[in-house]
Amino acid sequence: MNFARERLLVIAPHADDEILGCFGLMNKIKENGGQVYVLVFTLGGYSKVGSGRLQKEQWKKEFLNVVKLLGVDGYDIAYYKDQIEHLDKIKLEFLINKIESKSKVAISKIKPTIVAMPTIFSTHQDHAEVYKATTIALRAHPQKSSHFTKLLLSYEFPDNNFWSPYNEFGRFSPNLYLEMSQKEIEKKALAMNLYKSQIRKDHRDGQEIIALANIRGSEVGSDYAEAYHVHRFLLK
């Protein structure tokens, strides 16, 4: 893969999911001269277990610090001004429209070569809704003039895969791994630690990220890796 030619769109239910699931891929593409875009759906408007009610302004500042660290080429927060508790309260067609055309980084505008979406194997309903909307938005159209993204991936959400209600249909099963160096995994941990509002003791911190990357790396004979599931890969 020639990372310099790639345009990656990461679709994240919340700000921080892009780091948890896709930091290595985002960083690799940017370091090689490619383009990276991020569509965040919501910063939430609900109470988080162990941390009280979230402050969207603080969360947005943290996200912008991550954008700056990575040198992201463009981003959008789809529902920043709305008091939305969870995305399953929104009609699916509205989420699809945001992905297809009604956001600053919509598919029709940036024409990504790679789209990374959350796995459906999560206990969080927002992740499941974004997965559904993305797979519909990325369906193949018969019109030759429409954009077709060649590589569609789902990324891992480390917290809740084991207890997903969708596990009766299967589980997150990696079939693509991105090798990461010690320097890269440390940078990923640093990026996650910028999300101070999202980190609680012994939960979703830099050490947890390194531990998961070590497990995924051991599955393919490397020190560290990120894991993905390929849903479509078109070679031309």
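Keep in mind as you read that the model is predicted.

Let's start with the sheet. Seven strands make up an open sheet with mixed pairing, and their order across it is β5-β2-β1-β6-β7-β9-β8. The edges belong to β5 (74-77) and β8 (176-180); each has a single partner strand, so one side of each has no neighbour in the sheet. If you step from one strand to the next, the twist averages 25°.

β1 and β2 run parallel and are joined by seven bridges. To find your place in that pair, look for R7, whose bridge partner in β2 is Q35. Strand β2 is also well covered: seven of its eight residues are buried, so the rest of the structure largely encloses this strand. The other pair is β6 (residues 114-118) with β7 (residues 151-155), which pair in the parallel sense over five bridges. Here a handy landmark is I114, with L151 as its bridge partner in β7.

Now bring in the helices that lie across these strands. Helix α1 (residues 17-31) lies across β1 (7-14), β2 (35-42), β6, β7, β8 and β9 (224-233). Relative to β1, helix α1 runs at about 165°. Helix α7 (residues 206-218) lies across β8 and β9, and its direction makes an angle of about 65° with β9.

What is in contact with V66, once its neighbours within four places in sequence are left aside? This residue sits in helix α2, and its contacts are E18, I19, A191, L194 and Y195. V66 has a relative accessible area of 2%, so it counts as buried. Along the chain V66 and E18 are 48 residues apart, yet their C-alpha atoms are separated by 9.8 Å.

Because K28 lies in helix α1 and E184 in helix α6 (residues 182-193), the pair ties together parts that are 156 residues apart in sequence. Are these two partners buried or exposed? K28 counts as buried at 19% relative accessibility, just under the 20% cut-off. E184 is buried as well, with a relative accessible area of 13%.

K30 forms a salt bridge with D73, and here the closest N and O atoms are 3.0 Å apart. K30 belongs to helix α1 while D73 is in the loop between α2 (56-70) and β5, so this pair ties together parts that are 43 residues apart in sequence. K30 has a relative accessibility of 21% and so counts as partly exposed. D73 is partly exposed too, at 39%.

The side chains of K132 and E129 meet at 3.3 Å, N to O. Both residues lie in helix α5 (residues 125-137), three residues apart, which is about one turn of the helix. K132 is partly exposed at 29% relative accessibility, whereas E129 is buried, with a relative accessible area of 14%. Elsewhere, salt bridges that share partners join E156, R216 and E219 into one network.

Finally, let's look for empty space inside. Rolling a probe the size of a water molecule over the atoms shows where such space is left. The count comes to one cavity of 30 Å³ or more, and the largest cavity holds about 140 Å³ of space. Which residues lie nearest its centre? Of the 13 residues that line the largest cavity, those are L20, E156, K188, L212 and E226.

At least two lining residues come from each of α1, α7 and β9. Helix α7 gives the most, with five residues. Recall that helix α7 lies across β8 and β9, and that helix α1 also lies across both of these strands.

Definitions and conventions. Residues are numbered from 1 along each chain as its sequence is written. This is a predicted model: local features need pLDDT of at least 70, side-chain atom pairs count only at pLDDT 80 or more; totals for chains, interfaces and linings use all residues. Side-chain values use heavy atoms; hydrogens and water are left out. Two strands pair if DSSP finds at least two bridges between them. Helices (H or I, at least four residues) and strands (E, at least two) are DSSP runs, numbered from the N terminus. Axes are lines fitted to C-alpha atoms, for helices over the stretch in contact, and angles run from 0 to 180 degrees between N-to-C directions. Contact means heavy atoms within 4.5 Å. Buried means under 20% relative accessible area, exposed over 50%, partly exposed in between (1.4 Å probe, protein chains only). A salt bridge is a side-chain nitrogen of Lys or Arg within 4 Å of a carboxyl oxygen of Asp or Glu. On a 1 Å grid over the protein atoms alone, a cavity is a set of points where a 1.4 Å probe fits but cannot get out, and a pocket is an open set with protein on both sides within 12 Å along at least five of seven lines; lining residues have an atom within 4 Å of a point. Grid points are joined across faces, edges and corners, and a volume is the space filled by probe spheres set on the points.
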